[in-house]
Structure formats: structure tokens, C-alpha cells
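Let's take a quick look at the disulfides in this protein. Have the sequence and the 3D view ready as you read.

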Amino acid sequence: ELELVDGKLRLISKSSNTAMIHAAMQVTSEELKTTDNKTLEYDLDLDGKPDRLTCSYWERWGAVSCSLNFSKYGEQMISGGCNRIGILPTMTNKMHDLVCDRSDILSWDREKLQYAGQTISY
């Protein structure tokens with residue numbers, strides 16, 4: 001909030017948006033600081049078999065680093081310096097989307113057979 005005082009703008013208050021996109025399952029760097037790793041099982045590719053997201057704490061950056069093992073596509077790494085990685089109920093190209101931090105969505109790239117990021121601003 002700003003107010004006009006003697007022809008000049010003065011800051012009265014400031015707020016920030018701390019909302020997060022809702023995730024069906026998630027892992028955060030805060031919880032990984034106290035555990036060795038965390039594994040989430042979820043059928044990301046809708047083939048009826050659980051896929052495995054195994055995450056650990058990346059101490060150098062204070063972030064989450066994950067290995068994603070698909071029943072169909074093998075293994076790939078997901079580590080973009082995210083403090084939170086979650087599995088979303090939304091889908092792109094018949095694969096569940098992932099969320100990095102509060103609102104960065106990782107969508108499935110069918111041609112590259114990997115997750116690719118897109119930033120959503122709120």
C-alpha cells in the first residue's frame with residue numbers, strides 16, 4: 001500500500017504471496033534436512049504401475065534432488081534447485097505434472113521423454 005504525502009509516494013505496508021499450488025504428494029528440503037531421503041510412489045504415466053520419486057537433501061544448495069524411476073521410461077534426475085517438489089493432479093501429454101518450489105510447473109515433454117519447466121507467475 002502506498003499513500004501520497006506532499007506530492008510523494010510513501011510505502012505504508014507491503015505483503016507477499018506465499019501461496020503454493022496444491023500437490024497430491026510432495027517432498028521439501030526442510031523435511032529432508034532431518035532424514036536421509038524420502039520416496040514417493042505414484043502412477044505418473046497412468047500405466048497402472050507405481051513410479052518412484054526418490055529424493056535427498058542437496059546440502060550444497062539447500063535444495064531437493066530427486067531420481068525419478070518410471071515403469072515405462074527408465075530413470076531421470078530432477079534437480080533444479082527446488083526447495084519443494086510435488087506431484088500435481090493436473091496432466092500434460094498423459095503424464096502428471098510436477099511442481100518445483102511454490103508455483104513452477106514441470107510438464108512432460110513427449111518428444112524428449114522428460115519433464116520440462118515452465119514458470120507460472122501469480
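**Two sulfur links, one protein**

C55 and C66 form a disulfide (a pair of cysteine sulfur atoms within 2.5 Å), with their sulfur atoms 2.0 Å apart. Keep in mind that this is a predicted model, where local features need pLDDT of at least 70, side-chain atom pairs count only at pLDDT 80 or more, and totals for chains, interfaces and linings use all residues. Residues are numbered from 1 along each chain as its sequence is written, and side-chain values use heavy atoms, leaving out hydrogens and water.

**The C55–C66 pair**
- This pair links distant parts of the chain: C55 is in strand 5 (residues 51–58) and C66 in strand 6 (residues 63–70), eleven residues apart.
- Helices (H or I, at least four residues) and strands (E, at least two) are DSSP runs, numbered from the N terminus.
- The torsion about the S-S bond of C55 and C66 is about 105°, so this disulfide is right-handed.
- C55 is buried, at 1% relative accessible area, and C66 is buried too, at 0%.
- Buried means under 20% relative accessible area, exposed over 50%, and partly exposed in between (1.4 Å probe, protein chains only).

**The C82–C100 pair**
- C82 and C100 form a disulfide as well, with sulfur atoms 1.9 Å apart.
- C82 sits in strand 7 (residues 74–82) and C100 in strand 9 (residues 95–100), so the link ties together parts 18 residues apart in sequence.
- With -105° about the S-S bond, the C82–C100 link is left-handed.
- Both C82 and C100 are buried.

**The overall pattern**
- Searching the whole structure turns up two disulfides.
- Number the bonded cysteines in sequence order, and the pairing reads 1-2, 3-4.
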